[in-house]
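Trainee: Could you walk me through this structure, one question at a time?

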Amino acid sequence: MILFWIGSALLTLALVLVIILPLTRGRAESSHSRNQLNTELYKQRLQELEDDREQGLLEEDELATQELQKSLLDDVVVEQPQHYKRGMYLWLPAVVIVVLVGYLGYFQFGAYDRVSEWQHNSGRLSELTQKVLLEPDGDVTEQDMMDLIQALRTKLYTDGDDFRGWLLLGRLTLEMRDGETARDSFEKAMTLTDDPEQVMVPYAEALAISGEELRAESMIKQALAKDPNNLEAWSVFAFMAMQQNNLTAAIARWEQILQRMAPDNPRYAMIERSVDFAKERLAEDDPAPITGPRYQVEVNTSTNTPYHPAAVLFVYAMDAAGDDVPLVAQRIENPSFPLTLTLSNKDAMRPEVNMNGRDNVIIKARLAPSGNVTDKTGAWEGRSGVLSTAKDRELTVVIDTEL
């Protein structure tokens, strides 16, 4: 802040000099030019008198010379000290106006209070970190968070290679739902670490908030493929489903968290409430209740299953005592594994043909490169055991058999 005031004072001084110098120097140069011209005219006229005297044309040369000298004295301008003092009143009001307009205008329109607050917060980074992160209490406010973010961004401006600083800034701005700043912070953090996977999940959440859902979903699926028990990734995955108003997917992903979380975990009850809320929303959106069993199916591939970029995944249930005709089915394009979905009579191929009235079913997952479930060319399949329709089930189907 001191540098700002020094700079502003120097600029004001320069502007004052621009006003004063032309006025003062103008008067002095004007008087000097006039006296010089009168002197040159006097010398020229004196030379003419001398020439006239030599030619005998001038009879009273002394009298003429005296008159000429008197005329020069009358025309010479003598600068008196009081003249400059009177001239000072010409530029002094202009200088006062410039200073007042400059500084008052800055205080009124120059965001002085914000600059002062920024400078103040920059020196409180340790204090704010202690208050907000290390020893939080009920007195921590949203303004404290904003002040900490501002102080941290100022530090990172001068120390841009601080991986932990960028990671912290990303998480703080993510908590404030500032997706763009969080995204940029995580991108910077990923360039400063040899293990970008530790940034992948929060980075995906920032992408989802800022509207880049496809990139976010791809990144979350990569994280879950490497660590299926990554609760943070499942939580972000559920959040993304809610953001897209896909309540069924959100429920399935929250239930994946509950399977992997101890019931005494403080978050367990909160996730259960989220599941109940989503189910209530589903019931409101679809007043006709879905009867019959519900199967939450996690589909994965074995290490031998080839990768087909354009393959389509079909997950369907068939009567265990009947033929291979699907009773209920879902079609997923460009699947990424592991993948979790819920199969129920809501997915019936025809309303009158579903799992009701069947004692047992078998669930199959078929990966068809051609996109046609009946085309077995290059297709791979996995299947469950025989499942009773008397109750809901959670199961895993691994695609590991070439057709």
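Trainee: What distance does helix H12 reach from its first C-alpha to its last?

Mentor: In this predicted model, H12 covers residues 247–260, which is 14 residues; helices (H or I, at least four residues) and strands (E, at least two) are DSSP runs numbered from the N terminus. At 1.5 Å times one less than the number of residues, a span of 20 Å is expected, and the helix comes close to that. Its reach is 20 Å.

Trainee: Before we go on, how are residues numbered, and what pLDDT do local features need?

Mentor: Residues are numbered from 1 along each chain as its sequence is written, and side-chain values use heavy atoms, with hydrogens and water left out. Totals for chains, interfaces and linings use all residues in this predicted model, while side-chain atom pairs count only at pLDDT 80 or more and local features need at least 70.

Trainee: How many of the 14 residues of H12 are buried?

Mentor: Buried means under 20% relative accessible area, exposed over 50%, and partly exposed in between, with a 1.4 Å probe and protein chains only. Among the buried residues of H12 are Trp254, Arg253 and Glu255. The helix is largely enclosed by the rest of the structure, because its buried residues number 11.

Trainee: Which strands does H12 lie across?

Mentor: H12 runs at about 80 degrees to S1; axes are lines fitted to C-alpha atoms, for helices over the stretch in contact, and angles run from 0 to 180 degrees between N-to-C directions. Contact here means heavy atoms within 4.5 Å. The strands that H12 lies across are S1, S4 and S8.

Trainee: Which strands stand at the edges of that sheet, each with a single partner strand?

Mentor: The sheet is open, has three strands in the order S4-S1-S8, and its pairing is mixed; two strands pair if DSSP finds at least two bridges between them. One side of each edge strand is left without a neighbour in the sheet, because each has a single partner; these are S4 (339–343) and S8 (393–399).

Trainee: At what angle do the axes of helices H9 and H11 cross?

Mentor: H9 spans residues 197–209, H11 spans residues 231–243, and their axes come within 9 Å. The two helices are roughly parallel, a label for angles under 35 degrees, with over 145 roughly antiparallel, 65 to 115 roughly perpendicular and the rest oblique. Their contact includes Val201 and Ile209 of H9 and Phe239 and Met240 of H11. The axes cross at roughly 10 degrees.

Trainee: Which residues does glycine 179 touch, not counting residues up to four places away in sequence?

Mentor: Glycine 179 is found in helix H8 and, at 5% relative accessibility, counts as buried. Its C-alpha atom is separated by 8.2 Å from that of glutamate 205, 26 residues apart along the chain. Leaving out residues up to four places away, glycine 179 touches Ala206, Ile209 and Ser210.

Trainee: What phi does arginine 177 have?

Mentor: Most residues other than glycine have a negative phi. Arginine 177 sits in the loop between H7 and H8 (179–191), and its 43% relative accessibility counts as partly exposed. Although it is not a glycine, arginine 177 has a positive phi of about 65 degrees.

Trainee: And where does asparagine 245 lie?

Mentor: Asparagine 245 also has a positive phi without being a glycine, about 60 degrees. At 48% relative accessibility, asparagine 245 counts as partly exposed. Its place is the loop between H11 and H12.

Trainee: How many residues of strand S2 are buried?

Mentor: S2 runs over residues 312–319 and is mostly covered. One side carries Val312, Phe314, Tyr316 and Met318, the other Leu313, Val315, Ala317 and Asp319, and both faces are covered. The number of buried residues in S2 is eight of eight.
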